[in-house]
Amino acid sequence: MMPAAPESARPRPLLALCIVLLPLIAFFLRLGGAPLFDVDEGAFSEATREMFERGDFLSTYLNGEHRFDKPILIYWLQAIGYLIFGPTEWGFRFPSALAAASWSYATWYFARQRFGANTALAALAIVSTAIGPFAIGRAATADALLNLLLALALFDAWRNLESGRRAPLLRAFVWIGLGALTKGPIALLIPGAVSFLYCASRGEFKRWARAVFDPVGLAIFAIIVVPWYATALAIHGKLFIDGFIMKHNVERFTGTLEGHAGSLFYYVIAVPLLLLPWTGPLIASLRHVRSDIDTGVRRFLWIWAVFVVAFFSVSGTKLPHYVLYGSTPLFLLIAIHRNELRRTWLHLIAPLLLLGLLPLLPTIFAALSASNAGNAYYRAMLSEAMGSVTAEYYIVTIGGLLLWLTIAMRWQAAAWMKLGAAAAIQIVVLAGVVVPWAGGVLQGPVREAGLIAHTLGEPVFAWRYYAPSFSVYRQAVTLDKAPAPGEVALTRVDRLPASGVDILYRKGGVALVRKLPE
């Protein structure tokens, strides 16, 4: 391992420029290259599309039914994307990509002020290339936006704790208010709990109470949050309370919602996977916990990360991306300790395995489709893998692997810089060819069926099949019902009757059929 460069040394201009451009590459390269993924992307996008269809921008519906999953802000931002880019993958994903890029640059700015230019660039590289941020930053969901707002709120909370200035505190109330319009009470809980635990660790309870109950801050929060929540309550009444407050907040924590269960140690596995290929440096940074907690800002970062992991570990509903709300401090801590890695070769195994796996994915998908794994629907979807793969896919994935091997063996640089090169190659390969190809395999038939259904100019139903992206591509609400004779429906091939239907379109695991007269 190369000796650590002093933090006072100026970053090399070309290297600095490449790192600064990473968020734009990671989150915008071929952003519309893959179809919308079901269920989440399809549901968010269709709910936004229906706002235009209904002329109602205060409430959200999905295929004509109330949708109380999330508050309104992400739909308003997707509506702006819709107006700029139309009802396209780019339009629906644009707010998330913009939020993820802003999250990356906000992390860089925070680190630069406290840890120096080199550490800030390292943090920017890490947040821009880890698998978790890459996934949510390119998805038409609310998670990238909430991550940005939580990071901004906690960065400003620390600025207030650090300096005592009121301006950062008032900004924090703005970010928390916008977070509450994005995903609800979690936007208050995480900043409030993290700041409380930090102040409690220093015996500064009164200081925390003064900040939390700042009258101007509370007024700012109320001005942002109350109008829409009051309007939603006035329009929907008990339906809003039962749907949003009880089901999608209380029940999501106290019970298992939509089958998303997991053990108490679920995130012990999820966190290292979401931070790939930076898992090795993450584990290495754990050696420094004791010394870190003696430093104010580092203690704050560890409290932030540990609270999020602990909170969602005891939650009944578990999804991998929840823990990303505590990933920002981990990215910063990895950057801080980047030059203290031991056994360099161990940290390079993860990117080697990742990049080595990508050229094999079509073969793996084909093997799974020919096996008895899973159900017939998913096997049918994967059966399109080899037929849809192109020479470009193999050129880019194998080329990325060879480039990384060359860098790993020949570039005389610190381990974290080699890892950063691998991570940058990884996101270019994933965004450039892997995600568009995999999306085409797993969601391409739904998109094609939706475009065909759009040309029919007649009602189409969803027949024992939930794929909300179909409605986006069809540009119409799709009711969930069995078709009557003469009617058209979308269904799965493993639920297709042996007779009594005329198949209008069939590909992978998807079929568009017309019910024949009995």
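Q: What makes Leu512 of S6 the partner of Leu490 in this predicted model?
A: Leu490 has Leu512 in S6 as its bridge partner. The model is predicted, with local features needing pLDDT of at least 70 and side-chain atom pairs counting only at pLDDT 80 or more, while totals for chains, interfaces and linings use all residues. Residues are numbered from 1 along each chain as its sequence is written, and side-chain values use heavy atoms, without hydrogens and water.

Q: Why are S4 and strand S6 (residues 510-515) called paired?
A: Two strands pair if DSSP finds at least two bridges between them. Five bridges join S4 to S6, and the two run antiparallel; strands here are DSSP runs of E with at least two residues, and helices are runs of H or I with at least four, numbered from the N terminus.

Q: How do you know that S3 pairs with S4?
A: Three bridges join strand S3 (residues 460-462) to S4, and these strands run parallel. Val460 has Val488 as its bridge partner in S4.

Q: Why is strand S4 called largely enclosed?
A: Buried means under 20% relative accessible area, exposed over 50% and partly exposed in between (1.4 Å probe, protein chains only). Five of the five residues of S4 (residues 488-492) are buried, so the strand is largely enclosed by the rest of the structure. Val488, Leu490 and Arg492 are buried on one side, and Ala489 and Thr491 on the other.

Q: What makes the buried residues of H13 line one face?
A: In H13 (residues 266-274), Tyr267, Ala270, Val271 and Leu274 are buried. Their directions from the helix axis to the C-beta atoms fall within an arc of 100°, so they line one face of the helix.
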